[in-house]
Amino acid sequence: MAVPARTCGASRLGPAPGALPRPGPPRPLLLLLLLLLLLPPPPLLAARGAAAYSFPQQLTMQHWARRLEQEIDGVMRIFGGVQQLREIYKDNRNLFEVQENEPQKLVEKVAGDIESLLDRKVQALKKLADAAESFQKAHHWQDNIKEEDIVYYDAKADAELDDPESEDMERGSKTSTLRLDFIEDSNFKNKVNYSYTAVQIPTDIYKGSTVILNELNWTEALENVFIENRRQDPTLLWQVFGSATGVTRYYPATPWRAPKKIDLYDVRRRPWYIQGASSPKDMVIIVDVSGSVSGLTLKLMKTSVCEMLDTLSDDDYVNVASFNEKAQPVSCFTHLVQANVRNKKVFKEAVQGMVAKGTTGYKAGFEYAFDQLQNSNITRANCNKMIMMFTDGGEDRVQDVFEKYNWPNRTVRVFTFSVGQHNYDVTPLQWMACANKGYYFEIPSIGAIRINTQEYLDVLGRPMVLAGKEAKQVQWTNVYEDALGLGLVVTGTLPVFNLTQDGPGEKKNQLILGVMGIDVALNDIKRLTPNYTLGANGYVFAIDLNGYVLLHPNLKPQTTNFREPVTLDFLDAELEDENKEEIRRSMIDGNKGHKQIRTLVKSLDERYIDEVTRNYTWVPIRSTNYSLGLVLPPYSTFYLQANLSDQILQVKYFEFLLPSSFESEGHVFIAPREYCKDLNASDNNTEFLKNFIELMEKVTPDSKQCNNFLLHNLILDTGITQQLVERVWRDQDLNTYSLLAVFAATDGGITRVFPNKAAEDWTENPEPYNASFYRRSLDNHGYIFKPPHQDALLRPPLELENDTVGILVSTAVELSLGRRTLRPAVVGVKLDLEAWAEKFKVLASNRTHQDQPQKQCGPSSHCEMDCEVNNEDLLCVLIDDGGFLVLSNQNHQWDQVGKFFSEVDANLMLALYNNSFYTRKESYDYQAACAPQPPGNLGAAPRGVFVPTIADFLNLAWWTSAAAWSLFQQLLYGLIYHSWFQADPAEAEGNPEARESSCVMKQTQYYFGSVNVSYNAIIDCGNCSRLFHAQRLSNTNLLFVVAEKPLCSQCEVGRLLQKETHCPADGPEQCELVQRPRYRRGPHICFDYNATEDTSDCGRGASFPPSLGVLVSLQLLLLLGLPPRPQPQVRAHASPRL
């Protein structure tokens, strides 16, 4: 799509086959231009003294283009050594074998290996769940249990002992807390103790309560099962039991990662627990915003809704509406939408805009909610259906609504929440919940929000518990960040049920005890995928039923918040197209498949786009919800496997890795791969090479502790690249052709740079698979130019001193052995920027070589301008396929080489784009990290504190409803919890990366469009029009452009942007995206109904009027700044668990 200029337009004189339609110039101007082409070259287009110069004719510029092509090709043939390297490989044919990647066999083998890995975890998981149910059933409840009766390792004890203001230090804890010794374990990336389990209890739960102490008592027996599991499978990572009471017991023991601020971790809000504790949900949240809702109560409701949203996972669907006389959605979402991170963020922001007014109309709210749940024309969970109503109270029971929509089957559960402290009769709210298989909760203050917005999960778990063994199915989660520092993991979950009965003949207990989980690190799964046999551009990936990637080379979140799963869709990990949508759907459906497609890929540095051919092969991973895919370029069908059985030859080639050989053979960088188990890694390649050499002096390439495939290929490529030095590079004078260096990089992991001194300025990645020039050369034919990367915001202009600035030119070495074709290496040269800029001017001039004198134009003759003589009037540039400047005839532009050309000449770049020389591709990076936005309120008052208005003070109801008491309580919590209502989750959790937060960045890349012919065009700028000529250079990624320099600056244009930009709205408009949701499938099991469910336990209300004495005491504490003495948590309702 063309970018319209404000006063400037570009038009084409000749048609371009397949070009996109662009706005053309007025018809009279076209006729004029055609006339100009038919007539002899116009005189006096430019003048130098008495001589008259004209803009070069098209044939002249095509001649210059051919000279440039020949010069580049000549240099690469002499110094690149492509043909010679082919001969070297053939001469050493006895030293390697050609192996084939068979996609179907490969992907099935990897899928089988992953299945076996996960199956071992499943067996351990089932053993734990069965043991937990047995231990709890055999446990005898103790009403008089005391803290000193329980001995356990409190994971937060060390941090609390160091904190004199901690809960235990203030209260004087009586708990017998173990003090343990720990050893560093690289598998856990942590210090651990294998003899004990650790216990974590949420901050807002009283450790000394009878419920918690009994929970600690019976779960202690799990310790031996954890230890036995690890004995049978030493690869097991964290084994965790998350209790429905909030207690977490995990093995092996390790200290809790103490946050900098208040620790809000609660296992019941972790993604893996939520997924394991209930079936998928369709939820409609309705919020009373009538005028009776006071300012503080409304704020409590807003916070409660946000906390409720955090209990939902990507398998759930939700919508939020406010109601008074009428009901309306709080956001742009008009129906249920997937409860993913971005949709929930839209809801949370929209909820903050709710305003209280009007009268209460429960009927409007419930009718809206039921209509939402009955809409079958949208994608939804189709399992548990529920309505969550937040209100300050009312008299209407809306029985007629329930009779119409929900009775007699009661397929929709209703949960009601009485928010704030008031004197309203709560009986109608209780009745609504009890009559619709739900539960009634009270949220009188801030402290009750978190606990009461998550306990509805106990009610949803009832049908699952009553289903018994049928519901005991292992589920595997999305990817998420481990809270204990293991990195990205997936977790197998299994619900644990309460098997006790109150007495003989009594009904079966319907409570869920908790969820058992076992973590699997993504790195452990990656180790099962092929290493270095798929080539630089081949890879394995895996997705789940939501289409989110489990494995993918582009899964690289810059910052993670362990409260949220890492959800990167396959179509966002790659550049989306119809073929990939079809592949994704087939994988989600659990099918096998294979397809070869033409698609677009981003370069590793995200500056370029290449159109490539890829073969996709996929199979399901049995016994899981995952599907595995393999992507291979056609040239990676075959690969080399070294066969260096001759130990004398091994030693000979190995000597070329020694730094003592670098002066004569060129500097060698080796890829930092895991060649041997005992090899010490290092980010410094010189140090890594030293470590490698020291290890090789102790072990042989055939050692069992080493990867023989990697070692043999590395040593073979060392010898082969050395022969390239001997046959080609050593006898050539690089200065003759203005070259700074020549180089070769190989699949085996060798990058050889010649001469040795050139390595000082070598900035490419020593791992060829991670080097942009290497991967792009494999995907493209011909010579690929790569100018130095310049970011206008981050880097100063290039310093052209000591001839150190160079331009890489590389090309792949294609090797044909019989009918097998592969690309095992990339070779290239590094051009001296200044010298080649001068050479460029000569090649695009009327001189045949640099020593020939410049041609003079006589007073009576007419001459064509060229890029050398007329550089004051004529702009000549080479631009690469990404739109970056490579060479220019303007000396003042040499320090701008590597910049996006729109930053150099916005007018000309826009014309090239509008004439289809370039095509634009826009995409979004959902894994970016952004600096936090500065707070809008810089006042001294604490954030989030409700300030009563004058109307509130004059309102008798405000005082009688105890809102003043809640205000004081909020102030107290504000001191303890900082900004409870508005605190950033990353801050609240004490995330060390709180300085940055995840965000969405919009990326724009340009690549060559459909035009591949040579033609002239004009940039119509009124009195400032410019002629230009553009032509692709064959066998390269370059565009040769010759243009008149602008004569005036009145022509304003819209500048094309290439740099990454932050999207304030978090990417594409979510309101539009939800109208065309991507294909997904929910879990295949659903437990939302059981005929034997006992719904009589549905909550009871209780009134707790504020105590004047307590009120005064708290006020004094606030004034004195003294911390209040922690008290056992007061529950405002009878919990189904308690």
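**A tour of loops and helices**

Start by selecting Pro755, which lies in the loop between β31 (750-754) and α25 (772-779); helices (H or I, at least four residues) and strands (E, at least two) are DSSP runs numbered from the N terminus. This is a predicted model, in which local features need pLDDT of at least 70. Residues are numbered from 1 along each chain as its sequence is written.

The peptide bond leading from Phe754 into Pro755 is cis, with omega near 0°. Next select Pro252, in the loop between β11 (248-251) and α9 (271-277). The bond from Tyr251 to Pro252 is also cis, with omega near -5°. Most peptide bonds are trans.

Go on to Ser738, in the loop between α24 (708-729) and β30 (739-746). Ser738 is not a glycine, yet its phi is positive, about 55°. Its relative accessibility is 17%, so Ser738 counts as buried (under 20% relative accessible area; exposed is over 50%, partly exposed in between, with a 1.4 Å probe and protein chains only).

Now select Ser623, in the loop between β26 (609-620) and β27 (627-632). Ser623 has a positive phi of about 70° and is exposed, with a relative accessible area of 66%.

Finish with helix α12 (residues 362-374). Its 13 residues, at 1.5 Å a residue, should span 18 Å, and its end C-alpha atoms are 18 Å apart, which agrees; the expected span is 1.5 Å times one less than the number of residues. Buried residues of α12 include Tyr362, Phe366, Tyr368, Phe370 and Leu373.

How values were computed:
Predicted model: local features only at pLDDT ≥ 70, side-chain atom pairs only at ≥ 80, totals over all residues. Heavy atoms only, no water.
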